[in-house]
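Subject: Structure handover

Hello,

The structure you asked to look at is below. My notes on it follow directly after.

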Amino acid sequence: MSTLTATWDWLADPAHWSGDNGVWHRLLQHLLLTVVCLVLSCLLALPVALVLGHLGRGGALAVNISNAGRAVPTFAVLVLLLLTPVGNWGEGPTVVALVLFAVPPLLTNAYVGMRGVDRGVVQAARGMGMTGRQLMFHVELPLSLPLLMNGVRIAAVQLVATATIAALAGGGGLGRIITAGFNLASTPQVVAGALLVAVFALLVEGGFEIAERLGPAWARGGR
Amino acid sequence: MTAAPDDCLARNEWICGAYLSSRRGILLDAVVQHLQLTSLAVLIGLAVAVPLAVLARRWGWAAGPVLALTTILYTIPSLAMFSLLLPLYGLSATLVVAGLVLYSLTLLVRNLLAGLRAVPEETRQAARGLGYGPIRLLLTVELPLALPAAMAGLRIATVSAVSLVTVGAIVGYGGLGNLVYAGMNTYFKAQVLTASVLCVLIAIAADLLLLGVQRLITPWTRAARA
């Protein structure tokens, strides 16, 4: 396979790894975008989901927002944002789009987790005189943690994928290696970039998998 | 300065009736390509997923590897997936369809398997007691009972495919995504918005259509809920 060897040659060339368009810089951008946006979306989505789940309100919204998020093409949202004033703002469109697509799985999973807590346990806690706040933080939150963490994992994988597509709309990250490869009509570069992205995504997924296995038993999902 | 026509196209507005009427042919072609790529991918995905799920159900040891493989495929970002297929298919519609098939496989296999596993053992035994062979059991008892879960997977897979087709614009076969891509390069706001909205509308229409089909072919679920 000539493409395979050419791809290997591309990856083995140290010139492709250094500099502003090099792999290391793009990898760092990708990682930074993913982490920053994951933290941002958690800060946005989790408090809302926990409060809604605790109160048992807004369930239809929290559950359906995930389905709606799936129907909206990431690429189209990125381009729409690029053409709005947000587009003049450097990585603005990428960050906004990333957060927009990471919020739905977080919201849905955390909400479902909160509502899935055994009602008997909740009533027992109330019977012991727990206040609403104590109930939320000491009973419902720990018990819903497996689903909540599953949401974080889905969101993280989604973020990696969305950050890749952002390259189509001029955003930074590993996807730029792929789009640059297409512009140069260089199949080895396209494949090399795709391999890097795939490995990165699988490492993120694998990292969550390992964290889940090493975590305390009560925080493990029954998947 | 020559007087440019002062319509919404010249002013580059987001919502533009003149765009709709003057580019009707382009829009229609893009919609048709979008529908073709999506339906082809989902149908092929379904044709591959059903035997995979049935085999994974029959032989317990196969379930783990099958699910792991489809999960790995689903984790790979769409742009990377299309790019990895480039040496195999070149810049073609086949590449986009193949990428979409791999994605829909995950959702379809997972849901089909969950549906098959949820068939109560008593039901299976009752059918066996009535003299059903394994094939008749599968076709007339297990698969129909797995239909609601399978249809749920099919709906998710279809909606995802509709939105993922747009990424195919990178190889020139992205349906409405092509219009978004071209519109991005020329800052053509009306084209980007129109194509995006059409894409969401297709996804919603496909979802509702499949929901209708689901109600038609699984009347017993409605009776149970009422």
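Val63(A) sits in helix α3 of chain A, which covers residues 59-71. Please keep in mind that this is a predicted model. The relative accessible area of Val63(A) is 34%, so the residue is classed as partly exposed. Leaving aside residues up to four places away in sequence, Val63(A) touches Thr108(A), Tyr111(A) and Val112(A). Pro105(A) is 42 residues from Val63(A) along the chain, and the two C-alpha atoms are separated by 8.9 Å.

Chain A as a whole

Chain A has nine helices and zero strands. Its C-alpha trace spans about 70 × 40 × 25 Å along the principal axes. Of its 223 residues, 50% count as buried. Among contacts in chain A with a separation of 6 or more, 73% come from residues 24 or more positions apart.

Helix α4 of chain A

Why is helix α4 of chain A, residues 74-83, described as largely enclosed by the rest of the structure? The description holds because 10 of the 10 residues of this helix are buried. Those buried residues include Thr74(A), Phe75(A) and Ala76(A), as well as Leu83(A). Their cover includes α5 (92-115) and α7 (132-165) of chain A, and also α9 and α10 of chain B.

Contact between the chains

On the chain B side, 36 residues are in contact with 33 residues of chain A. The buried area between chain B and chain A is about 2900 Å², with 85% of it given by carbon and sulfur atoms. Thr75(B), Leu79(B) and Met184(B) supply 19% of the area that chain B buries against chain A, more than any other three residues. The elements of chain B giving two or more residues to this side are α3 (60-75), α4 (78-84), α5 (86-89), α8 (134-164), α9 (176-185) and α10 (189-217). Of these, α10(B) gives the most, with seven residues. By class, the side of chain B that touches chain A has 26 nonpolar, nine polar and one charged residues. Between chain B and chain A there are zero salt bridges by the rule used, and zero residue pairs in polar contact with both at pLDDT 80 or more.

Salt bridges

Over all chains, the count comes to nine salt bridges. In one of them, the side chains of Glu205(A) and Arg153(A) meet at 3.0 Å, N to O. This pair links distant parts of the chain, with Glu205(A) in helix α9 (residues 187-214) and Arg153(A) in helix α7, 52 residues apart. Glu205(A) and Arg153(A) are both buried. Arg153(A) also forms a salt bridge with Glu212(A), where the closest N and O atoms are 3.1 Å apart. Glu212(A) lies in helix α9 of chain A and Arg153(A) in helix α7, so this pair ties together parts that are 59 residues apart in sequence. Arg153(A) has 4% relative accessibility and therefore counts as buried.

In chain B, Arg155(B) and Asp207(B) form a salt bridge, with the closest N and O atoms 2.9 Å apart. Arg155(B) is in helix α8 of chain B and Asp207(B) in helix α10, so the pair ties together parts 52 residues apart in sequence. Arg155(B) is partly exposed, with a relative accessible area of 21%, and Asp207(B) is partly exposed at 22%. Back in chain A, salt bridges that share partners join Arg153(A), Glu205(A), Glu209(A), Glu212(A) and Arg213(A) into one network.

Regards

Technical notes:
Residues numbered from 1 in each chain as written. Chains lettered and ligands numbered in written order. Heavy atoms only, no water. Contact = heavy atoms within 4.5 Å. Buried area = accessible area lost by both parts, 1.4 Å probe. Salt bridge = Lys/Arg side-chain N within 4 Å of Asp/Glu carboxyl O. Polar contact = N/O pair within 3.5 Å; in protein donor to acceptor, adjacent residues only side chain to side chain. Helix = DSSP H or I, 4+ residues; strand = E, 2+ residues; numbered from the N terminus. Nonpolar A, V, L, I, M, F, W, Y, C, P; charged D, E, K, R; others polar. Buried < 20%, exposed > 50% of the residue type's maximum accessible area, 1.4 Å probe, protein only.
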